[in-house]
Amino acid sequence: MILALLTLLSAISISAVAALYSLLGLAAIFSAAKIPVLLMGGVLEVSKLVTASWLYNNWNRTPVLLKSYLTVAVVVLVFITSMGIFGFLSKAHLDQTITAGDNTLEISQIDSRIDRQKKRIVDADTVIAQLDKSVQVLIDFDRIRGKDGAIAVRESQKAERANLNAVIDDAQNEVTTLNNKRLALSKEQLAIEAEVGPLKYIAELIYGDEAKDHFDEAVRYVILLLIFVFDPLAVLLLIAANQSLRDYRKVKVENDNIADYTEVDAHEIKIHTEVEEKSESKETTSEPEISEEENERIVAKLNQIREDILDGSSFK
């Protein structure tokens with residue numbers, strides 16, 4: 001009995017969780033009418049379980065047409081529930097994927113901006129190097145003083161060098177800021193990748209080195225495996241619980257002319273017992289009751305008739 005109750009409790013628990021996921025998935029699919037969809041789905045989920053239980057208990061005495069329709073209805077409702085669960089789990093995965101994709105895209109944009117700032121620094125350094133080279137040429141030819149000397153030329157480059165150094169400083173500050181932003185986004189990206197890490201391992205188990213290109217397909221297979229054992233298991237466990245409860249109600253009845261026994265439903269025995277008791281009571285009430293005095297009078301009359309026959313007085 002305990003196992004039957006545990007089976008029933010497991011069936012109801014799995015069915016309740018499956019119904020919740022299915023309703024959330026259907027509400028996401030038909031988001032324009034969430035309340036009507038939730039009401040419809042909830043009623044159908046309860047009806048599915050009741051129909052499956054009723055079919056099992058009344059299978060042999062149910063007309064073929066009704067039995068066929070109810071069976072098809074239960075199968076279709078299981079499919080609808082599974083579809084809702086698939087929609088719910090797929091939406092959860094897509095939401096996570098979109099979040100990860102946004103981080104990746106933003107990190108890529110920051111990397112591009114960092115590259116541009118680094119290019120500004122390289123260009124400015126190149127110009128400064130050219131200015132230094134022009135001054136070095138004058139020094140090499142011993143043209144240091146004078147209006148065309150190295151000192152004068154370097155002094156004339158002072159403003160240009162200041163601008164180039166300002167460009168370098170500005171670019172370096174921008175690179176530092178961008179690197180700080182990139183670091184924060186990289187930490188978030190690592191956290192997201194850690195959450196989907198198990199699915200990555202599953203994808204690698206299926207696709208090997210090409211797992212990165214088939215990650216969504218691996219997730220889809222996992223979801224299909226989950227829904228395959230989710231709602232169908234709830235319905236089958238409910239039927240199993242009905243079977244266990246029916247077996248618990250069965251008792252052993254000895255046959256009259258056979259050495260073995262037959263297991264029948266205890267409810268059937270109760271019904272037959274009540275019918276037999278009613279029949280016996282009717283038979284008892286249908287027989288007229290005769291008092292003791294009336295019985296003695298009838299016996300005396302019968303004895304008188306017998307004596308008259310023996311004496312032959314009845315033929316006079």
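Student: How many helices and strands does the protein have?

Tutor: The protein has 10 helices and two strands. Helices (H or I, at least four residues) and strands (E, at least two) are DSSP runs, numbered from the N terminus. Read along the sequence, the pattern is α-α-α-α-α-α-α-α-β-β-α-α. This is a predicted model, in which local features need pLDDT of at least 70, side-chain atom pairs count only at pLDDT 80 or more, and totals for chains, interfaces and linings use all residues. Residues are numbered from 1 along each chain as its sequence is written, and side-chain values use heavy atoms, with hydrogens and water left out.

Student: Why is Ser90 called buried?

Tutor: Buried means under 20% relative accessible area, exposed over 50%, and partly exposed in between (1.4 Å probe, protein chains only). Ser90, in helix 3, has 17%, so Ser90 is buried.

Student: And what makes Arg120 partly exposed?

Tutor: Arg120 has a relative accessible area of 31%, so Arg120 counts as partly exposed. Its place is in helix 3 (residues 64-140).

Student: How do you know that the side chain of Arg120 makes a polar contact with the side chain of Gln117?

Tutor: A polar contact is a pair of N or O atoms within 3.5 Å; within protein, one must be able to donate a hydrogen and the other to accept it, and residues adjacent in sequence count only if both atoms are side-chain atoms. The distance here is 3.0 Å, and the pair counts as a polar contact.

Student: Which residues is Arg120 in contact with, leaving aside its neighbours within four places in sequence?

Tutor: Contact means heavy atoms within 4.5 Å, and the partners are Val167, Asp170 and Ala171. The C-alpha atoms of Arg120 and Val167 are separated by 7.3 Å, although the two residues are 47 apart along the chain.

Student: What puts the buried residues of helix 8 on the same side?

Tutor: The buried residues of helix 8 are Asp231, Ala234, Val235, Leu238, Ala241 and Asn242. They cover an arc of only 115 degrees around the axis, so they lie on the same side of helix 8. That arc is taken from the directions from the helix axis to the C-beta atoms.
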